[in-house]
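Me: I am new to this structure and would like to learn how to read it. Could you walk me through its features one by one?

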Protein chains: 2
Amino acid sequence: MGFAELKNDRYLKALLKQETDTTPVWIMRQAGRYLPEYRETRQQAGSFLDLCKNPELACEVTLQPLRRFDLDAAILFSDILTIPDAMDLGLYFSTGEGPKFERPLRTHADIDKLFVPDPADSLRYVTDAVTLIRQELDGLVPLIGFSGSPWTLATYMIEGGGSKDYHNCKGMLYGDPKALHRILEVTTQAVVVYLNAQIEAGAQSVMVFDTWGGVLSPEAYAEFSLRYMQQIVQQVSREHDGETIPITLFTKGGGQWLEKIAATGCNAVGLDWTISIDEARQRIGNEVALQGNLDPNVLYASPDIIRQHAKTLIDKFGPHPGHVFNLGHGIHQTVNPDHLKVLVDAVHEFGREIRR
Amino acid sequence: MGFAELKNDRYLKALLKQETDTTPVWIMRQAGRYLPEYRETRQQAGSFLDLCKNPELACEVTLQPLRRFDLDAAILFSDILTIPDAMDLGLYFSTGEGPKFERPLRTHADIDKLFVPDPADSLRYVTDAVTLIRQELDGLVPLIGFSGSPWTLATYMIEGGGSKDYHNCKGMLYGDPKALHRILEVTTQAVVVYLNAQIEAGAQSVMVFDTWGGVLSPEAYAEFSLRYMQQIVQQVSREHDGETIPITLFTKGGGQWLEKIAATGCNAVGLDWTISIDEARQRIGNEVALQGNLDPNVLYASPDIIRQHAKTLIDKFGPHPGHVFNLGHGIHQTVNPDHLKVLVDAVHEFGREIRR
């Protein structure tokens, strides 16, 4: 491909549990509405989907946070629902209500029509964005590709949008589990193909967001979410162009199931803020790297308090390799960007300190 | 008071970890919108708040599910936000948006105005309903009183309604924790006085609903939610009229903190469906009774599947005393009431079977 050599490999090294000079940090939704320059580009693009589907503008917003903050990774700007959109379910966004699908999966006939989208075709805008971002990064930091988990995608595909109680998808889970497995099988193949296309296009690490795995019972989580994420871990390219491609799994609300997540063979496990990172390290820190896990709401406090929370978290993890600092969920849109700068700099400062 | 003698004490016995002939069962929100007779009474009352504030109609809807199902307890029909309403924050319900407060807590001056409402005054409609229900039950089953937890009440009081990210209350938690503690201290005293008034009026057991404790970090949960629930456990009457009054604590999303919840000295711990009840029993079953924990969405499946899930859950808990069967959260409004009948009968059938 001829991409530039990587200058900052802290993030990739930490995922592989190798020593680094300080703790690497990136922030979920770091390219987002809390940044005025993002809001401006978004306005320019038109809708949110127009922004996602325009590789130049997606590249621009991906790079924006890196111009402000000393972040150790870039993450592809995209939506988690690109796959079901490419499956022809008709993704749209209604103001204030989040993502919706025109044609949710309600019958066996709907499910029979599902197919694995060809990333070279209907998802070309994503791989084009990946390659463009990787070029524009010019080796500054590594680029993370991502996908929603099959279960998380299925919740939207079945409900036709976000949900409070997951009435339809859990109704299917308990009442017609075979139908749900068929949806998850096709979706898993689509995720594998999609992530591999991102890796081919230039992604140096991939992450699977299982945003809604935590709404399941332990048995249902194992059968309907984790099982398919494990297939993804097994089938996604773990090496490309002579480089290892680490994979991170993140189940929001998955603190009770860390051992099972780590056992999939992934490189890193994302943590929300409902678990202490020292406890997580004791439980799975020998097997995998950990990513997380500050409560995003800490960023509403004063710089002093933000620094104090960064230090506490880094001290809790201790001077071991294998920690990627992040929030436990995406950054909120009303956060003051200057507060994020305080956090990112504090992570590097205290990360250096603890290694002395 | 001269209330009738209790005919069915399975629920109270199970909370005290005493042997019963079968597993007792009641259902969170058993008096609710899934019942056509509830919807009719609600229509008759006017608004939801009118229904809560009318002791005769509150009594009527409390008793409705007991006429249909072989339930082992009644729970006072009321709203969890009666306390902040009595604190003069101006509770109202806007269609489709849930509860709101006209005067949320936003400044120190707002907090300074908080006071412990006198239950004999502005909450009289609640204690009147309790006494009336207890009389009308005529000893059929015990009556459960309840309150929201201080933290859960505070989230509504500070946000002015429900919230997705708890921006304001967590902003206060991290940025001005003393102010939050002041809110929680007054609210805790209000909860204690309120629950004791319910016990005086005839409640035979009380439950604290910590619906939003699970959105906190472990440290914040201990400091801002559990600490105040522990004060409630210590200060609420645990005996009345010569009878023990068991207390149940339920933190939705609290599966990671069960040991800490059990250590408060409560009699029982409520479980949502994200933890296996056998694991919970191993962890805290020697100290407390357990209440729960079927995923409410199981009720969308067929009668056969509902029975199978009831059996599995009862088998997992095993033939030990100390299990109160319930859902892991309130019953959904679109559930078919006949399905709940299948569940309740199955619990008693399989509860008897496992004790043979």
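**A helix on a sheet**

Reply: Let us start with α7(A), which lies across β1 and β4 of chain A and runs at about 155° to β4(A). Axes are lines fitted to C-alpha atoms, for helices over the stretch in contact, and angles run from 0 to 180 degrees between N-to-C directions. Helices (H or I, at least four residues) and strands (E, at least two) are DSSP runs, numbered from the N terminus. This is a predicted model, in which local features need pLDDT of at least 70, side-chain atom pairs count only at pLDDT 80 or more, and totals for chains, interfaces and linings use all residues. Residues are numbered from 1 along each chain as its sequence is written, while chains are lettered from A and ligands numbered from 1 in the order in which they are written.

Me: In what order do the seven strands form the open sheet?

Reply: Two strands pair if DSSP finds at least two bridges between them. Here the order is β1-β4-β5-β8-β9-β10-β11 in chain A, with parallel pairing. At the edges are β1 (74–75) and β11 (323–327) of chain A, each pairing on one side only. Inside the order, β4 (residues 143–148) and β5 (residues 205–210) of chain A run parallel and are joined by five bridges. For example, A:Ser147 has A:Val208 as its bridge partner in β5(A).

Me: Which strands form a hairpin?

Reply: Look at β2(A) and β3(A), which have three residues between them; in the turn, A:Gly96 has a positive phi of about 75°. Strand β2 (residues 91–94) and strand β3 (residues 98–101) of chain A pair in the antiparallel sense over four bridges. A:Phe93 has its bridge partner in β3(A) at A:Pro99.

Me: Now the helices. At what angle do helix α4 and helix α7 of chain A pack?

Reply: Angles under 35 degrees count as roughly parallel, over 145 as roughly antiparallel, 65 to 115 as roughly perpendicular and the rest as oblique. Helix α4 (residues 55–68) and helix α7 (residues 124–137) of chain A pack at about 45°, with their axes 8 Å apart, which means that α4(A) is oblique to α7(A). A crossing is left-handed if the near helix is turned anticlockwise from the far one by less than a right angle, and right-handed if clockwise. The crossing of α4(A) and α7(A) is right-handed.

Me: Which residues of α4(A) and α7(A) meet?

Reply: Two residues are in contact if their C-beta atoms, placed from the backbone, lie within 7 Å. Among those that meet are A:Cys59 and A:Leu63 in α4(A), and A:Ala129 and A:Leu132 in α7(A). The contact has eight nonpolar, one polar and three charged residues. For these classes, Ala, Val, Leu, Ile, Met, Phe, Trp, Tyr, Cys and Pro count as nonpolar, Asp, Glu, Lys and Arg as charged, and the others, Gly among them, as polar.

Me: How many residues of chain A are in contact with chain B?

Reply: 25 residues of chain A are in contact with 25 residues of chain B. Helix α9 (residues 167–175) of chain A gives the most to that side of chain A, with five residues.
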